[in-house]
Amino acid sequence: MAHISAGVATSHVPLIGVGIDQGKQEEPYFKPIFAGYEWTKAWIKKPENKPDVVILVFNDHASAFGQDLIPTFAIGCGEEFQPADEGWGPRPVPVVKNHPDFAWHIAQSLIIDEFDMTIINEMPVDHGLTVPLSAMFGEPDAWPALVVPIMVNVVTYPIPSGDRCFRLGQAIARAVESFPEELNVQIWGTGGMSHQLQGPRAGLINAEWDQKFLDDLTGDPDRLRQVQHIEYLRETGSEGIELVMWLVMLGALTNPKELHRHYHVPASNTALGHIVLENRS
Amino acid sequence: MAHISAGVATSHVPLIGVGIDQGKQEEPYFKPIFAGYEWTKAWIKKPENKPDVVILVFNDHASAFGQDLIPTFAIGCGEEFQPADEGWGPRPVPVVKNHPDFAWHIAQSLIIDEFDMTIINEMPVDHGLTVPLSAMFGEPDAWPALVVPIMVNVVTYPIPSGDRCFRLGQAIARAVESFPEELNVQIWGTGGMSHQLQGPRAGLINAEWDQKFLDDLTGDPDRLRQVQHIEYLRETGSEGIELVMWLVMLGALTNPKELHRHYHVPASNTALGHIVLENRS
Amino acid sequence: MGKDLQNYKDAFEDIPGTRVFTTERARQGYWLNQFCMTLMKPENRERWLADEKAYLAESKMSDEQQEALLARDYNRLLDLGGNIYYLAKVFSTDGLSFVQAVSTMTGMNVDDYKAMMDAGGRSPDGVRSIKEGN
Amino acid sequence: MGKDLQNYKDAFEDIPGTRVFTTERARQGYWLNQFCMTLMKPENRERWLADEKAYLAESKMSDEQQEALLARDYNRLLDLGGNIYYLAKVFSTDGLSFVQAVSTMTGMNVDDYKAMMDAGGRSPDGVRSIKEGN
Ligand SMILES: [Fe+3]
Ligand SMILES: [Fe+3]
């Protein structure tokens, strides 16, 4: 039986990718950014922790999807996904390999559970998906885990509510539990934390709000699932809304225990947050 | 305020389009097919009945969407949609014009109501959408109503349940009622009735089941929303499953009254069904 | 959900003479069905009709699928993951109607098939369930 | 739902210095944003950099949007329906980082902006709500 062993969340700031791809990890600006991932990189290498599959919840940043077609929730079921060219050439990272049997199983289960998924078989994947892989796995020749991409629209409003995202996570957990293959599965939520990339208010950071959010992932998940879009927008900046994707991860976990936390300002324009949660189902 | 005045359902058999496009309406094979639309064509022309906008629920038949991307529920929000080339050239029918303000309003309302819609701005539309327009409006130079296309996946399983479709209809009704512009809106469900286009069992027709379905649109909608996929497949043929789209229409109506019914076998491989329902909300 | 999903899909395989387009079939037929989509462009239809084998060489579909396609063996194509709405692009390109193409899957000739449809179509009696034999 | 939707969106307009990408903005910016997507191909980036006006002539975007784009006036582009994830294709093609491009919208020079970020970023205090002034 497949089981979710852990939830991992992390910001997916493009600059993290730049730092890795250009070998800048030791530079003073980057050092404290990467230091907080050392614990996780050691943890995730241990055989008992290494995931066979990562269900990776991310948003597309106008890379695979333009304004011609905007899915609310999508799941990647294709064999593999190539890194996208976001305007400066594709990142020099391995192709992302899926576990199509598992992905299709989850897709079917979610649709029967009344999530109106869009199924995607061909899709370039941008920094939203590849930066978390780099942060956790470094620079291998091939990613050490298979990846089921779950895409959430957080660009064009209305986006799904935090509560809907949480319930998507619950439905993902049901889907995973009913898959017969023995698989160590992790679910990752990406994006955030507080940041705003646009307008005169750009550069907004709200460390206090972010830390409370990190606390309540284990302390008060019921509060988090009720946080409204307007609160994210006012308190964490227009791009802080990406935190709803952490709620998909959270919804898939049972009574999670915090194993590790990393919070650093700034990474580019962003408050970088990262947390590792053990699933105690 | 916009209001739904009526629901209309009809099969969307390609042959109906062929009959119209090739001027065969008076031929013996076609005559009984088209006779049943005469009532509706007269009814829909009356000023009090003529819709400003039709919310047209249809399925794409591998025209706009291939296997690379499969939305469960999609709503067309673009300015207009061109007839698709399904292998024999596009149908010689007018371009389909949307009411984008209204469509975007519905899209937003549905997403807030927790339907995970895919928004589509560019899409060729196939016989699933254009044949019902031809059946109801004949051959005008321009369609006399604007059209908001709602697309439902009924091709790749699992497709949404009949009950989920019914509740989508309910949510559409809420969206319509909250749109400030004075609009006479009709909602159309298309596809069906019993037919199977594939395999040794092709040609299946179940008139008894179809007639009971037509009866229960007004007589027992609660029974219809509970009909499972397997019942449609066994009783009405593999393509009879399209009837779930009639349930989207049904869900948008309150205490509907039957105004007109047409049922004829055969239209090509299909049991042709058509009904007009007054909305008594 | 797992058991539900399995029951949901097992029932589909119990319908005589019918291939419900499950995800398993969708995956098996992926390149076959995507090939069919290319025939929505007139220039591709021309190339296909001019030299079917040369045009097929550009597709990633299996040899079996190619053979079945060249033979217009629609039942075989269904068994290999084809979906009828996709395959319709092939028979439309051939200039066949739905009735003409669909009849080829039933073991009847087109006139007998038409006569059956004119007489009210195939009854569901006896072809609802393999297990129940009804 | 209508009132809910209106309240939902009205609140977005109450955030200082922020353009939430509502459907109204999405519609206004449609061709502008779709233009940005074309810059994901190296050959299009080359053509754009070689002759911006000629390349823009192929787009259906408004004259205002074209002017703002040529001027790299990102606040104006936001006002005209641009979305930052789309516009990122433009400044990435220019070789600018997110910090360099984003700072241009704040009225600060890039060094001051960087210094603000290094010091913990912009506080939400006073920029949460126009109405509440907090
Ligand atoms: Fe992001
Ligand atoms: Fe159909």
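Keep in mind that the model is predicted.

Let's start with the iron ion called ligand 1. Which protein residues hold donors for ligand 1? There are His12(A), His61(A) and Glu242(A). Both histidines use their NE2 atom, and the glutamate uses OE. These donors lie 1.9 to 2.1 Å from the iron ion.

Now look at the sequence. The donor residues of ligand 1 follow the spacing H-x48-H-x180-E. Take His12(A) and Glu242(A), which are 230 residues apart and link distant parts of the chain. His12(A) is in the loop between β1 (2-10) and α1 (14-21) of chain A. Glu242(A) is in the loop between α8 (229-236) and α9 (244-251) of chain A.

Are these two buried or exposed? His12(A) has a relative accessible area of 3%, so it counts as buried, the cut-off being under 20%. Glu242(A) is buried too, at 2% relative accessibility.

On to ligand 2, the iron ion with donors in chain B. Its protein donors are His12(B) through NE2, His61(B) through NE2 and Glu242(B) through OE. They lie 1.9 to 2.1 Å from the ion. The spacing in sequence reads H-x48-H-x180-E.

Here, pick another pair. His61(B) and Glu242(B) are 181 residues apart, and they too link distant parts of the chain. Find His61(B) in the loop between β2 (53-58) and β3 (69-70) of chain B. Find Glu242(B) in the loop between α8 (229-236) and α9 (244-251). His61(B) is buried, at 2% relative accessibility. Glu242(B) is buried as well, with a relative accessible area of 1%.

Next, chain C. How many helices and strands does chain C have? It has 10 helices and zero strands. Its C-alpha trace spans about 50 × 45 × 20 Å along the principal axes.

Chain C has 134 residues, and 53% of them count as buried. Now take its contacts between residues at least 6 apart in sequence. Of these, 47% join residues at least 24 apart. The chain exposes about 6,300 Å², with carbon and sulfur atoms supplying 47% of that area.

What about charge? Chain C carries 17 positive and 21 negative charges.

One last stop. An unreviewed UniProt entry places the domain "Extradiol ring-cleavage dioxygenase LigAB LigA subunit" at residues 32-117 of chain C. Over that stretch, the chain is 69% helix and 0% strand. The end C-alpha atoms of residues 32-117 are 30 Å apart.

Conventions. Residues numbered from 1 in each chain as written. Chains lettered and ligands numbered in written order. Predicted model: local features only at pLDDT ≥ 70, side-chain atom pairs only at ≥ 80, totals over all residues. Heavy atoms only, no water. Donors = N, O, S within 2.8 Å, 3.2 Å for Na, K, Ca; no water. Helix = DSSP H or I, 4+ residues; strand = E, 2+ residues; numbered from the N terminus. Buried < 20%, exposed > 50% of the residue type's maximum accessible area, 1.4 Å probe, protein only. Contact = heavy atoms within 4.5 Å. Areas by Shrake-Rupley, 256 points an atom, 1.4 Å probe, with all protein chains shown as cover. Lys, Arg positive; Asp, Glu negative; His and termini not counted. Charge placed at Lys NZ, Arg CZ, Asp CG, Glu CD. UniProt positions renumbered as here; feature names shortened; annotations may be inferred.
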